[in-house]
Amino acid sequence: MERLTEVPEGIARSADRGQVNSYDSFAEAYSAENENNLVNAYYERPAMLALAGDVTGRRILDAGCGSGPLSAALRDRGADVTGIDVSARMLELAKRRLGDDAALHVADLRDPLPFDDGAFDDVVASLVLHYLEDWGPTLAELRRVLRPGGRLIASVDHPFVAYTIKDPRPDYFATTDYSFDWTFNGQSVPMRFWRRSLQAMTDAFTTAGFRLSGISEPQPDPAARDLFPDDFHDLSTKTCFLFFVVEAWPLAAESDGCQCRREAVGGARGGPRSAVQSTNPAAVPGVAGTGG
């Protein structure tokens, strides 16, 4: 896989799709806020790492890696991490954090990804899917670059939160957008997100070839209780983000390949049983249910 080479092109592509959600314009301020705050540093990232479990030796794609804090944590735990992000400026910050040899790519999750089929054991998508109106093409690409039995671990705005912040309430079962401004160091930045029902989320995963392994509504890290006493209580008693672990179900071509391997190994070892055990996703280290 190639290293990050054409950063300016990434900036141009971001501008072509409008200035809303333009992280290039406030990358440093967002990265600094994200580093040690309650919601990201003591809630969302610990939850993602807990769901990932033991990642030693696993090839992981950090989809929407930003300035790289989750990539760094996964790498520290022994993973081989590749990061992609639509913001070239965010990737520059990630490169500072991770080093010049880090595998970082400018990529838009709405476009085809520059990786081979089955290139990764896991994909982590941290607070990124809710920027997309249509999950279908993105999830299909993430499924393509995962090996059979690989995992997608994703966090999104909780659908109940996204539903209740609008007044009057929108149609819960419709996919609708909502917008507001973020302010960093006096700079106001327009942001736009897409909310969908829980049913729509799970349907999107299964349509793309995933099977649901787990849904999580975690608690924040107890270490944050003394650091953020008031906000800690609020975060501990209200919904915020929703976390999914889904497994890549074998596609038709992959199933045909597995059948060929079963027949070949069965002829050599006196039956297909041993080969079925070796290709069953549940037997692959790291698949959800085995502790990651």
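(A salt bridge here is a side-chain nitrogen of Lys or Arg within 4 Å of a carboxyl oxygen of Asp or Glu.) Both residues lie in helix α6 (residues 136-145), three residues apart, which is about one turn of the helix. Helices (H or I, at least four residues) and strands (E, at least two) are DSSP runs, numbered from the N terminus. Arg144 is partly exposed, at 22% relative accessible area, while Glu141 counts as buried at 14%. Buried means under 20% relative accessible area, exposed over 50%, and partly exposed in between, with a 1.4 Å probe and protein chains only.

A word on the model itself. It is predicted, so local features need pLDDT of at least 70 and side-chain atom pairs count only at pLDDT 80 or more, whereas totals for chains, interfaces and linings use all residues. Residues are numbered from 1 along each chain as its sequence is written, and side-chain values use heavy atoms, with hydrogens and water left out.

**Charged pairs**

The structure holds 12 salt bridges. Here are three of them, with the N to O distances.

| Pair | N to O distance |
|---|---|
| Arg147 and Asp121 | 2.8 Å |
| Asp122 and Arg151 | 2.8 Å |

Take Arg147 and Asp121, whose side chains meet in a salt bridge. This pair links distant parts of the chain: Arg147 sits in strand β5 (residues 146-157) and Asp121 in strand β4 (residues 120-126), 26 residues apart. Arg147 and Asp121 are both buried.

Asp122 and Arg151 form another salt bridge. Asp122 is in strand β4 and Arg151 in strand β5, so this pair ties together parts that are 29 residues apart in sequence. How buried are these two? Asp122 has a relative accessible area of 1%, and Arg151 has 0%.

There is also a network of salt bridges that links Glu28, Arg89 and Glu92.

**Helices α2 and α5**

In helix α2 (residues 27-36), the buried residues are Ala27, Ala29, Tyr30, Ser31 and Asn34. Their cover includes α3 (38-52), α4 (69-76), α5 and β6 (176-184). Helix α5 (residues 88-98) has its own buried set, including Arg89, Met90 and Leu91. After α5 comes Gly99, with a positive phi near 105 degrees.

**The nonpolar cores**

In soluble globular proteins, nonpolar side chains tend to be buried together. A nonpolar core, as used here, is a set of buried Ala, Val, Leu, Ile, Met, Phe, Trp, Tyr and Cys residues joined through side-chain atoms within 4.5 Å. The largest has 31 residues, and Leu139 and Leu152 have the most contacts inside it. At least two residues of this core come from each of β1 (59-63), β4, α6, β5, α8 (198-207) and β9 (241-248). Setting aside neighbours within four places in sequence, Leu139 is in contact (heavy atoms within 4.5 Å) with Leu129, Leu152, Ala204, Phe205, Ala208 and Phe210. Another core lies apart, with 25 residues, among them Ala41, Leu74, Val81 and Phe243.

Why does β9 count as largely enclosed by the rest of the structure? Because eight of its eight residues are buried. Two strands pair if DSSP finds at least two bridges between them. Strand β9 pairs with β5 in the antiparallel sense over seven bridges, and Ser155 has Phe243 as its bridge partner in β9. Strand β8 (residues 210-216) also pairs with β9 in the antiparallel sense, over six bridges; there, Leu212 has Val246 as its bridge partner.
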